[in-house]
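Have a look at the fold, then read on.

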Amino acid sequence: MLSVGGLSRIFSLPIRGFCSAVIYRKSLPPVITSSPGNYLHRSGGGAHVSGVRFLSGGSSDAAGGWYSSLANSTPVHLCEQLLVSVQEASGLPWWFSICVATLSVRTLVTLPLAAYQLVVISKVEALQAEISELAKRLRYEVSVRAGERSWTERESRFQFKKNLRRIVSQLYVRDNCHPFKASLLVWVQLPLWISLSLALRNLSLDQSDLQGALAAGGALWFPDLTIPDSTWILPVCLGLTNLLIVEVFSLQRVAASRTQQLVLNTVRGFSLLMIPIAATVPSSMALYWFASSLVGFSHNLLLRSPSIRRLLQLSTPHSTSPYRDLLTAFFAKYRK
């Protein structure tokens, strides 16, 4: 799932499950032949990824539709190159290499965006008191003007909302904190998650030159990364981790609105739905999803640190003992 950051406080919870059972579909895969190339480049209708050449599928791609096009897209091939490069450079087993690549990408790409998201949300929250005070003054001015111009109740309400939107927009511009900027994390993390998932799916196919290495690159109860985890341990761990992230996020709000509660329940259901989905995809993908969830959860906890919040110069008040408060709230909620 996507990490639970500041935007998640406005209903954008890290999305870790893109529920498409066709992710593991092996029909119409790209044809792969060996090639001496070590970097991704286009040549002769194909792409080279560290010794692996992906040829265009011709009519097969057309028959495969949008999914085949997505699985054979440039971002996915770039992610394949990244995964292969990390494994070759480190010499680590494939299962460990996937974890290292996940940690690296999330730390170097999504963690800074999550921190920026937190800064934007903090500024928006700090503006609420000023917006409330300006709204009171605006309501009075509109009522005076309504008496002078004989506005109806509907006209007065329209003028109030229009001017309040203008004032709020000006405040966002003044403090450089438009809420849409907080969604930047989602627009980067979701495509990245999909691309890495499909890259692992491609590398796990029978036609891949690396399929043999991945088949022997697992560990413990999942020795073969090209087949689903028959024990369901990885899928269950993924679902439980996602549920834990959702529950920790829910503790941030004392009284959630009906809409917020609906969103939380939807994400809870989505987290559970990811369990059977993860049980049908290659173990390499399930391992990546699980590792991504763990890293996202750790980043969420890191951004609660008082030292990090001081470093980011957040304007909203925060607890000096966030982790103890979190544990207290968690046990108070679930020991009832």
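## Helix 8

Let's start with helix 8, whose buried residues are Q260, L264, V267, R268, S271, M274, I275, I277 and A278. Buried here means under 20% relative accessible area, exposed means over 50%, and partly exposed is anything in between, using a 1.4 Å probe and protein chains only. Helices are DSSP runs of H or I with at least four residues, strands are runs of E with at least two, and both are numbered from the N terminus. An α-helix has 3.6 residues a turn, so residues three or four places apart point the same way.

The expected span is 1.5 Å times one less than the number of residues.

## What kind of model this is

This is a predicted model, so to speak of local features takes a pLDDT of at least 70, side-chain atom pairs count only at pLDDT 80 or more, and totals for chains, interfaces and linings use all residues. Residues are numbered from 1 along each chain as its sequence is written, and side-chain values use heavy atoms, with hydrogens and water left out.

## The chain as a whole

The protein chain has eleven helices and four strands. Buried residues make up 48% of its 336 residues. Contact means heavy atoms within 4.5 Å. Of the contacts in the chain with a separation of 6 or more, 70% are between residues 24 or more positions apart.

There's also a record to check against: in an unreviewed entry, UniProt lists residues 232-250 as "transmembrane region". UniProt positions are given in the numbering used here, feature names are shortened, and annotations may be inferred rather than shown by experiment. In the model, residues 232-250 are 95% helix and 0% strand, with the end C-alpha atoms 27 Å apart.

Helix 9 is mostly covered, with 16 of its 20 residues buried. Those 20 residues (283-302) should span 28 Å at 1.5 Å a residue, and the end C-alpha atoms are 28 Å apart, which agrees.

Two packed helices are described by the angle between their axes and the distance between the axes. Helix 5 (residues 184-203) packs on helix 9 at an angle of about 150 degrees, with the axes 8 Å apart. Axes are lines fitted to C-alpha atoms, for helices over the stretch in contact, and angles run from 0 to 180 degrees between N-to-C directions. Helix 5 and helix 9 are therefore roughly antiparallel; angles over 145 degrees get that label, those under 35 count as roughly parallel, 65 to 115 as roughly perpendicular and the rest as oblique. On the helix 5 side, L192, W193, L196, S197, L200 and R201 meet S284, M285, Y288, W289 and S292 of helix 9.

S156 lies in helix 4 and is buried, at 13% relative accessible area. Beyond residues up to four places away in sequence, S156 touches V142, A146 and W151. Over in helix 3 (residues 94-149) sits S122, which is buried at 3%. Which residues does S122 touch, not counting those up to four places away in sequence? They are L314, S315 and T316.

## Loops and the last helix

Most residues other than glycine have a negative phi, and most peptide bonds are trans. N176 has a positive phi, near 55 degrees; this residue lies in the loop between helix 4 and helix 5 and is partly exposed at 42%. Q313 also has a phi near 55 degrees. The place of Q313 is in the loop between helix 10 (306-311) and helix 11, and Q313 is exposed at 68%.

P322 lies in helix 11 (residues 322-334) and counts as buried at 12% relative accessibility. Apart from neighbours within four places in sequence, P322 is in contact with R304 and P306. P306 is 16 residues away along the chain, with 7.7 Å between the two C-alpha atoms.
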